[in-house]
Amino acid sequence: MKQTKEIYNEVMAYCREHGLIKRLEKSFHVPESQRFNALDVGKSGLDVLDAVHCIYDASRTNFFMEELVKNVSVGDRVLEAGIGTGILSFCAAALGAKVYGCEINPAVFELAEKIKEHLETRRLIPPASVTFFLHDAMTFTPPEKVDVLISENIYTGMFFEYQVQITNHLLSHLRPGGISIPKTMRSFVSLTETHFPRTPKDKELFIPSEESGKEMTYALLSDPHQYDDINFSAVSPVSVDRTLVIEAKSSGSLNGLLIYSEVLLPSGKVIGKDDTTFLNNEIVVALSPSISVTKGDKVKLALAYAYSGKPEDAKIRITKLN
């Protein structure tokens with residue numbers, strides 16, 4: 001882990017010296033939900049500050065660096081789809097791999113190239129061990145088949161991000177016995193009575209993030225129920241359509257759905273909703289009008305949406321059964 005920690009510290013120092021960390025911290029006053037709703041991730045990917053946010057969330061990066069140490073060997077070919085700052089590509093190179101990476105956002109690509117040059121100059125990665133391409137990962141063809149595929153394009157419930165579409169395409173470039181990082185993702189939903197900062201629109205996204213100040217608070221009206229399980233190691237459907245019957249454990253005004261996800265790595269490690277701040281954190285989707293429920297009521301929840309879509313485009317139907 002010494003090599004990867006040195007890479008992490010150097011990339012963070014570069015971002016701090018170039019004012020990116022300060023800019024990121026200033027951006028926290030803008031709610032994450034507002035920023036993501038304004039993005040067109042499929043067309044332009046995440047922006048520079050979101051790329052920096054990924055490594056600013058040290059827990060998030062450490063989980064994936066530890067996974068690389070366990071799964072990358074000298075001489076391996078590694079492909080990273082959506083490089084961001086390039087931190088994981090650089091860690092793989094420091095472990096002795098030949099690395100290819102693709103990035104759709106020109107500004108993010110330029111940042112990663114500059115950091116790569118910096119690390120090569122500091123002799124923290126071998127020269128020419130990393131090659132980046134400015135390209136859409138959903139159509140990218142690497143120069144050769146690879147042993148490890150890294151695609152960390154994840155958002156809670158698989159809203160906004162094109163992780164499934166990317167891995168569906170790139171799995172054909174993974175050698176037999178190759179590894180996809182991460183491996184799977186499970187998503188869960190609970191009924192809530194939520195205290196919103198204002199009257200919300202139906203299916204509007206809110207995020208109870210500690211990092212930038214909570215947009216809202218909530219009380220759980222039910223236990224969490226798993227509604228989705230995505231396998232990134234196999235070609236998967238690009239949408240979810242699930243109907244659940246959920247029992248109310250408390251009485252209240254049902255006006256929101258709390259959704260969170262768990263990310264599973266090839267080693268068996270689970271990244272839970274409380275383990276990072278910018279990967280699979282909790283989100284709340286507003287429901288309007290609200291529905292009054294009493295403890296013991298059974299509620300049928302029909303939930304359907306395309307992966308990479310926005311919550312506002314999801315089909316959500318709530319029906320009391322008693």
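Pro-237 lies in the loop between strand 9 (225-231) and strand 10 (239-247). The model described here is predicted. Pro-237 is exposed, because its relative accessible area is 61% and the cut-off for exposure is over 50%. Apart from residues up to four places away in sequence, Pro-237 touches Val-164 and Tyr-307. Leu-220 is 17 residues from Pro-237 along the chain. The C-alpha atoms of Pro-237 and Leu-220 are separated by 30 Å.

The pairing of strand 4 with strand 5 can be followed residue by residue. Strand 4 covers residues 146-151 and is joined to strand 5 by four bridges. The two strands run parallel. Val-146 has Leu-174 in strand 5 as its bridge partner.

Helix 2 (residues 20-27) packs with helix 5 (residues 48-56) at an angle of about 95°. Their axes are 10 Å apart. The angle makes helix 2 roughly perpendicular to helix 5. On the helix 2 side, the contact involves Leu-20, Ile-21, Arg-23, Leu-24, Glu-25 and Ser-27. These meet Val-48, Leu-49, Val-52, His-53 and Tyr-56 in helix 5. By class, the contact has seven nonpolar, two polar and two charged residues.

Helix 1 (residues 2-17) contains Glu-10. Glu-10 counts as buried, because its relative accessibility is 15% and the cut-off for burial is under 20%. Setting aside neighbours within four places in sequence, Glu-10 is in contact with His-118, Leu-119, Arg-122 and Leu-124.

Aromatic rings form ten pairs in the model. In one of them, the rings of Phe-159 and Tyr-305 have centres 4.2 Å apart. Their planes stand at 20°, so the pair is stacked. The pair links distant parts of the chain, with its two residues 146 residues apart. Phe-159 sits in the loop between strand 4 and helix 9, and Tyr-305 in strand 14 (residues 298-306). Both Phe-159 and Tyr-305 are buried. One aromatic cluster is formed by Phe-159, Tyr-227, Tyr-305 and Tyr-307. Tyr-307 is also one of the residues touched by Pro-237.

Two cis peptide bonds were examined. One joins Ile-181 and Pro-182, with omega about 0°. Pro-182 is placed in the loop between strand 5 and strand 6 (184-195). Another cis peptide bond joins Ser-288 and Pro-289, with omega about 5°. Pro-289 belongs to strand 13 (residues 283-293).

Positive phi values occur at Arg-123 and Phe-160. Phi of Arg-123 is about 60°, although Arg-123 is not a glycine. Arg-123 lies in the loop between helix 8 and strand 3. Arg-123 is exposed, with a relative accessible area of 77%. Phe-160 is likewise a residue other than glycine, and its phi is near 70°. The loop between strand 4 and helix 9 holds Phe-160. Phe-160 counts as buried, at 3% relative accessibility.

Terms used
Residues are numbered from 1 along each chain as its sequence is written. This is a predicted model: local features need pLDDT of at least 70, side-chain atom pairs count only at pLDDT 80 or more; totals for chains, interfaces and linings use all residues. Side-chain values use heavy atoms; hydrogens and water are left out. Buried means under 20% relative accessible area, exposed over 50%, partly exposed in between (1.4 Å probe, protein chains only). Contact means heavy atoms within 4.5 Å. Two strands pair if DSSP finds at least two bridges between them. Axes are lines fitted to C-alpha atoms, for helices over the stretch in contact, and angles run from 0 to 180 degrees between N-to-C directions. Angles under 35 degrees count as roughly parallel, over 145 as roughly antiparallel, 65 to 115 as roughly perpendicular and the rest as oblique. Ala, Val, Leu, Ile, Met, Phe, Trp, Tyr, Cys and Pro count as nonpolar, Asp, Glu, Lys and Arg as charged, and the others, Gly among them, as polar. Rings of Phe, Tyr and Trp (its six-membered ring) pair if their centres lie within 6.5 Å; planes under 30 degrees apart count as stacked, over 60 as edge-to-face and the rest as tilted.
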